[in-house]
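Work through the exercises below with the sequence and the structure side by side, and try each task before you read its solution.

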Amino acid sequence: ESREKNLQQFTIAGYLAEARGSGEDLVTALVRMQSEIIDRVVLGDLPGSREIVNRFLGVILLESGMNFDMLKVRLLELIVIISRAAMEKGFGAEGLLGPRYSYLTAINAATGFDDLFWRVTKALENFTRAVSEEHGRRARANITRMKEYLASRFASRVSAREVAAAAGLSVSRALHLFRRETGTTLSAYVARLRVDHARTLLKNTGLSMADIASACGFFDQSHFARTFKSREGVPPLRYRRSARGA
């Protein structure tokens with residue numbers, strides 16, 4: 001922790017020197033960076049939030065005239081603003097600020113610049129981790145909803161809009177999330193469900209190829225045969241014979 005604090009102070013000192021020579025209006029710079037911090041925290045981007053927070057601390061240290069009490073108030077305001085922005089996205093105050101808002105209490109108890117900056121940084125890192133973990137939980141829940149919807153509807157015509165609606169997402173967001181979390185596209189996943197169901201029917205029933213194609217949601221028998229062979233390496237009829245030992 002001591003090494004991390006020293007490294008942070010060295011980094012902040014560099015940003016402080018940079019701000020002195022930049023010529024940019026300090027208030028304008030702080031407003032811009034505050035917005036960037038909020039964006040990073042709400043996205044759950046821990047590496048990005050660390051970099052911009054240290055830059056922000058260097059600039060606000062200069063802008064405050066190194067007045068410790070004023071700086072503490074400004075940073076407490078920052079924590080409240082960021083937590084409010086996160087809560088507006090549906091994240092709970094308890095998870096962000098800690099039991100009984102312990103992070104605010106800890107920041108208020110800081111007795112020096114180094115200690116103050118360290119406590120603010122740790123609070124913001126906690127925010128970012130909490131948001132990132134919540135994003136992960138929400139993503140998993142949304143994927144589960146989409147998979148459950150597909151499991152019950154794959155044999156019919158399934159549209160991306162319907163799948164997205166099942167998870168309460170936009171189509172673009174649903175498609176992006178599905179690929180990111182499963183490693184496959186929505187259409188490829190549906191095809192896999194259909195082929196898996198077709199394998200079961202081929203092994204355990206005497207249904208015709210046309211009937212199986214219809215029961216599994218394929219456009220026609222030809223579509224069924226092409227898709228099945230591309231995924232299983234053999235045509236469906238040959239698969240049936242092999243599975244039954246014929």
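**Exercise 1.** Explain why aspartate 196 and arginine 199 are separated by about one helical turn, and find the network that they belong to.

*Solution.* Begin with helix α10, residues 186-204, where helices are DSSP runs of H or I with at least four residues, numbered from the N terminus. Aspartate 196 and arginine 199 are separated by about one helical turn because they stand three residues apart in this helix. Next, look at their side chains: the two form a salt bridge, with 3.5 Å between the closest N and O atoms, and a salt bridge here requires a side-chain nitrogen of Lys or Arg within 4 Å of a carboxyl oxygen of Asp or Glu. Then consider accessibility, for which buried means under 20% relative accessible area, exposed over 50%, and partly exposed in between, with a 1.4 Å probe and protein chains only. Aspartate 196 has a relative accessible area of 30% and is therefore partly exposed, while arginine 199, at 26%, also counts as partly exposed. Finally, salt bridges with shared partners connect Arg192, Asp196, Arg199 and Glu232 into one network.

The model is predicted, so that local features need pLDDT of at least 70 and side-chain atom pairs count only at pLDDT 80 or more, whereas totals for chains, interfaces and linings use all residues. Residues are numbered from 1 along each chain as its sequence is written, and side-chain values use heavy atoms, with hydrogens and water left out.

**Exercise 2.** Which parts of the chain does the salt bridge between arginine 55 and glutamate 18 link?

*Solution.* First confirm the pair: the side chains of arginine 55 and glutamate 18 meet at 2.5 Å, N to O. By the rule used here, the count of salt bridges comes to 11.

**Exercise 3.** Is arginine 240 buried or exposed, and which side chain of opposite charge is nearest?

*Solution.* Locate arginine 240 in helix α13, residues 236-243. Arginine 240 is buried and has no salt bridge, the nearest side chain of opposite charge being aspartate 211, 8.8 Å away; for charge, Lys and Arg count as positive and Asp and Glu as negative, while His and the chain ends are not counted. Now list what surrounds arginine 240: leaving aside neighbours within four places in sequence, its contacts (heavy atoms within 4.5 Å) include Leu201, Thr205, Leu207 and Ile212.

Conventions. Helices (H or I, at least four residues) and strands (E, at least two) are DSSP runs, numbered from the N terminus.
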